[in-house]
Amino acid sequence: MKEKIKNLVQGDKVIWVMVIFLMLISMLAVYSASESYANNRYHGSNAFVLLKHSILLVLGFVFMVIASCVKYRKFSWILTLLCWISIPLLAYTLFFGQNWNHASRVIGIGGLTFQTSDLAKIALVGYLARVLTIDHDKLNTFKVVAWKVMLPVTVIVGLIFPENFSTAAMLFVVCLVMMFISRLEMKYILGFLGIVVVAGSLFISVGLMVSKSNPDADNRITTWVNRFDRFFSDEEEIDSDANFQVKQAEIAIAGGGVFGKSPGKSTQRNVLPHPYSDFIYAIIIEEYGLVGGIAVLLIYMILLYRAMRVVRKAPQSFGALLSIGLAFSLVMQAMINMGVAVGLLPVTGQPLPFVSMGGTSLLFTGISLGIIISVTKDIYKNNERETELEIAEADS
């Protein structure tokens, strides 16, 4: 039995430990932060909320274990296939998806909700890692780069963009980072960046004109502009109700001090909107203080560092690009969530990976971490073979 468990948890042990820490933090934080949510939805049953969240966390961990047991090279074609499947799913979500936080981001499947952008993020990273590896020598003309790299990225990011600006922007940056690491010529990267910035600006400009002509319409672009206006305006210039989330998060962080109020003693959890997801980091700081906030930040930094080690040691560039792409995506998402909570970024809806209460985000985060571990398994096996060969040569 011990041998089977040992075989399951091979690979980078530090990543396994960091994931366990995140799961423990998640259960403690969600149980405390979900008090008002439990009162409204489950008649005050925090235990039920914790049970539901714990089941999803365990499922995410199970998905992580399963993904880690798959040879990472197989994800080359698996994620490429999912990349093409995600395009019609994103299109369907954009036009016919269910309204979630005032945006069409999810589709319903048998009573459950599925956020298609979670699938698209992993799939696009996998596809891009494959193309930048297999076709690297062919990516020497604008036509080839446009067809194999720019078009798929633009289509997927473009389908996410109208209803989920932060996810689209984050995914686009991740793709640029992967292109840079793969040593794609800088003129193509900068050209692609320029094209997307111009196209995005035109889209936003047209959207603003439409919203001005029809101010009663539900327009996501108006929401983005309002959020940026609130973020860059002085407190005296903005409506106190409009900046309610930010102010309550600041109160929670200020109340936490250095060591926090202790677990379960948060007062802002009953005032702050979405304290169990979008603003869970503020609750963590309120209850565990600056020490707890820094500890969570360090966990994500350690995950990124371990993924960067893979870039140096991966036997194939596909494994390196896949690992750093997924890790950078997760850590960047965490930075956005924490940046919003402490007032460094405008309010957006990014959950804290493997900590915030959620559904598909937990499952796909588990898959991403499992794929990274799968790459590390291959590295360690190669290192063991090299060591065995060196010992055999020394003995002969």
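**Close-up views of a predicted protein chain**

The protein chain exposes about 19300 Å², of which carbon and sulfur atoms supply 66% (accessible areas follow the Shrake-Rupley method with a 1.4 Å probe, and for residues only the protein chains shown count as cover). The model is predicted: local features need pLDDT of at least 70, side-chain atom pairs count only at pLDDT 80 or more, and totals for chains, interfaces and linings use all residues. Residues are numbered from 1 along each chain as its sequence is written, and side-chain values use heavy atoms, with hydrogens and water left out.

**Figure 1. Overview of the chain.** The protein chain has 14 helices and three strands (DSSP runs numbered from the N terminus: helices are H or I of at least four residues, strands E of at least two). Buried residues make up 48% of the 396 residues (buried means under 20% relative accessible area, exposed over 50%, and partly exposed in between, with a 1.4 Å probe and protein chains only). Among contacts between residues at least 6 apart in sequence, 70% join residues at least 24 apart (contact means heavy atoms within 4.5 Å).

**Figure 2. The largest nonpolar core and Leu352.** This core has 106 residues, and those with the most contacts inside it are Met179, Tyr300 and Leu352 (a nonpolar core is a set of buried Ala, Val, Leu, Ile, Met, Phe, Trp, Tyr and Cys residues joined through side-chain atoms within 4.5 Å). Not counting residues up to four places away in sequence, Leu352 touches Ser277, Ile280, Tyr281, Ile284, Val296, Tyr300, Ala334, Asn337 and Met338.

**Figure 3. The crossing of helices α8 and α13.** The axes of α8 (residues 165-181) and α13 (residues 317-341) come within 10 Å and cross at roughly 145 degrees (axes are lines fitted to C-alpha atoms, for helices over the stretch in contact, and angles run from 0 to 180 degrees between N-to-C directions). Helix α8 contributes Met170, Val173, Val174, Val177, Met178 and Ile181 to the contact, and α13 contributes Leu321, Ile324, Gly325, Phe328, Ser329, Met332, Gln333 and Ile336. These residues divide into 11 nonpolar, three polar and no charged (Ala, Val, Leu, Ile, Met, Phe, Trp, Tyr, Cys and Pro count as nonpolar, Asp, Glu, Lys and Arg as charged, and the others, Gly among them, as polar).

Figure 4. Lys121 lies in α6 (residues 116-134) and is buried, with a relative accessible area of 10%. Beyond residues up to four places away in sequence, Lys121 touches Thr167, Met170, Leu171, Ser329 and Gln333. Gly126 is also found in α6, and is buried at a relative accessible area of 0%. With neighbours within four places in sequence left aside, Gly126 is in contact with Leu79, Phe318 and Leu322. The C-alpha atoms of Gly126 and Thr80 are separated by 6.4 Å, although the two residues are 46 apart along the chain.

Figure 5. Most residues other than glycine have a negative phi. Ser262, in the loop between α11 (244-256) and α12 (280-313), has a positive phi of about 90 degrees and is partly exposed at 27% relative accessibility. Phe354, in the loop between α13 and α14 (360-395), has a positive phi near 65 degrees and is buried, with a relative accessible area of 1%.

**Figure 6. Val342 in the loop between α13 and α14.** Val342 is found in this loop and is partly exposed, with a relative accessible area of 35%. Residues up to four places away in sequence aside, Val342 touches Ile253, Tyr281 and Ile285. Its C-alpha atom is separated by 9.7 Å from that of Ala252, 90 residues apart along the chain.
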